[in-house]
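User: I would like to learn how to read a structure feature by feature. Could you take me through one, giving the general idea before the particular case?

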Amino acid sequence: MNEPQLRADIVEVGRRMYARGYTASNDGNISVRLGGDRLLMTPKGVCKGFMTADMMCITDLDGRKLQGDRDPSSEMLMHLEVYRQRPDVRAVVHAHPPTATGFAVAGIPLDRAVLAEVLTTLGSIPIAEYATPSTKELPDAVRKYIKAHDGMLLANHGALTVGGDLFAAYFKMETIEHFAKISLVARLLGRENLIAREEVDRLQGLRGTYGIAAPAPICADPADARAALDAGDPALCQVVQAPEGAGQRLVPGVLPAGNVTGGDPPSLASRVRASFGEVTPAIEDGREIRLTYRELSALIEDAIRNLR
Ligand SMILES: [Zn+2]
């Protein structure tokens, strides 16, 4: 794509990010590959909602400025690291969308299997460890997840998305913020039904059918993936929390009775009783159960422990 069009696209994406409240003041930054080992990047210290095409900088892949009146983004090191690690990536978007950033501040990754479109596109959205913005620490934190993920939260900071073109990267930022809002509402309502692992596998299969490029598969065994991460290795797959079983949900009562096919309600019920004893309302097979968010979280954690 030609440079004038890419400059115009960066201006447009910046305007949309600012209009949607993903950035305030001079927050956020955007870059795209120009070809020939050059990057086109937003400059330092400008509001993304009021940019013009002539403001952009051109740098090489080591961050040396080749062209432009202004200095490149203060988060240039993070962008450079992404392009180094991901030859397939042609655009990088960083912003501070408030709901997703709230999850990043709370230390809660967006990794539960709840929405099909998130599973088919991003898989899961992990949190890169806290790093001082604009320092060398930030690319180090991002490196751990970027080979396996097209989107991640940055602890106590914001979110980062990448794509095969600028709009692909930007739309992933929209997806993350939208997913964060939906997750927040579900958790406020006190209930979050997870999609079963078998269905997650089916959704993963759709990536091929619809030609959705993903840098890594969704983890079939999250325990193995976590062990690798705990050992300090970079992520090689997208860890998703999904209960095991064909059609079994953690809260079976909210599904039409016919949908609970491969589940094991007595064992689930006994697990709930084991976790909560007499405080848990009596559960009969096929009947709705009501749990507080704290109980549901404990139940999910307990179920995941049992999977290991
Ligand atoms: Zn930032």
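**Reading the pocket, the sheet and the metal site**

Analyst: Let us start with the lining of the largest pocket, whose residues divide into eight nonpolar, three polar and four charged. Please keep in mind throughout that this is a predicted model.

User: What is the volume of the largest pocket, and which residues lie nearest its centre?

Analyst: The volume of the largest pocket is about 270 Å³, and its lining consists of 15 residues, with Asp111, Pro126, Tyr145, Arg226 and Leu229 nearest the centre. Helix H5 (137–146) and helix H8 (222–230) are the elements that give two or more residues to this lining, and H8 gives the most, with three residues.

User: How many helices and strands are there in the protein chain, and what percentage of its residues is buried?

Analyst: The protein chain holds 10 helices and eight strands, and of its 308 residues 51% are buried. A further way to read a fold is to ask how far apart in sequence the contacting residues are: among contacts between residues at least 6 apart in sequence, 64% join residues at least 24 apart.

User: In what order do the strands form the sheet, and what is the pairing?

Analyst: The general idea is that strands of a sheet pair through backbone hydrogen bonds, in either a parallel or an antiparallel sense. In this structure eight strands form an open sheet, ordered S4-S3-S2-S1-S5-S8-S7-S6, with mixed pairing. Strand S4 (65–67) and strand S6 (127–128) stand at the edges with a single partner strand each, so one side of each has no neighbour in the sheet.

User: How should I read the pairing of S7 with S8 and of S6 with S7, parallel or antiparallel?

Analyst: S7 and S8 are antiparallel, paired over four bridges, and within this part of the sheet the bridge partner of Gly151 is Thr161 in S8. S6 and S7, by contrast, pair in the parallel sense over two bridges, and Ala128 stands opposite Leu154 in S7.

User: Which residues of S7 lie on its two faces, and are they buried or exposed?

Analyst: In a regular strand, side chains alternate between the two faces of the sheet. For S7 both faces are covered, with Gly151 and Leu153 on one side, Met152 and Leu154 on the other, and all of them buried.

User: Where is Asp150 found, and which residues does it touch?

Analyst: Asp150 is in the loop between H5 and S7, and its relative accessible area of 5% is under the 20% cut-off, so Asp150 counts as buried. Setting aside residues up to four places away in sequence, Asp150 touches Arg86, Leu122, Leu160, Thr161, Val162, Lys172, Ala213 and Pro215. A separate distance is that between the C-alpha atoms of Asp150 and Met173, which are 23 residues apart along the chain and separated by 9.7 Å.

User: Which residues coordinate the zinc ion, and through which atoms?

Analyst: The zinc ion is coordinated at 2.1 Å by His94, His96 and His157, each through NE2, and the spacing of these donor residues in sequence is H-x1-H-x60-H. His94, in strand S5 (residues 91–95), and His157, in the loop between strand S7 (151–154) and strand S8 (158–163), are 63 residues apart, and the pair links distant parts of the chain. His94 is buried at a relative accessible area of 1%, and His157 also counts as buried, at 9% relative accessibility.

User: Finally, where is Arg7 placed, and is it buried or exposed?

Analyst: Arg7 belongs to helix H1 (residues 3–19) and counts as buried, at 12% relative accessibility. Leaving aside neighbours within four places in sequence, Arg7 is in contact with Leu40, Ala53, Asp54, Met56, Ile58 and Gln67.

Methods. Residues are numbered from 1 along each chain as its sequence is written. This is a predicted model: local features need pLDDT of at least 70, side-chain atom pairs count only at pLDDT 80 or more; totals for chains, interfaces and linings use all residues. Side-chain values use heavy atoms; hydrogens and water are left out. Donors are N, O and S atoms within 2.8 Å of the metal (3.2 Å for Na, K and Ca); water is not among the atoms, so sites may look incomplete. Buried means under 20% relative accessible area, exposed over 50%, partly exposed in between (1.4 Å probe, protein chains only). On a 1 Å grid over the protein atoms alone, a cavity is a set of points where a 1.4 Å probe fits but cannot get out, and a pocket is an open set with protein on both sides within 12 Å along at least five of seven lines; lining residues have an atom within 4 Å of a point. Grid points are joined across faces, edges and corners, and a volume is the space filled by probe spheres set on the points. Ala, Val, Leu, Ile, Met, Phe, Trp, Tyr, Cys and Pro count as nonpolar, Asp, Glu, Lys and Arg as charged, and the others, Gly among them, as polar. Two strands pair if DSSP finds at least two bridges between them. Contact means heavy atoms within 4.5 Å.
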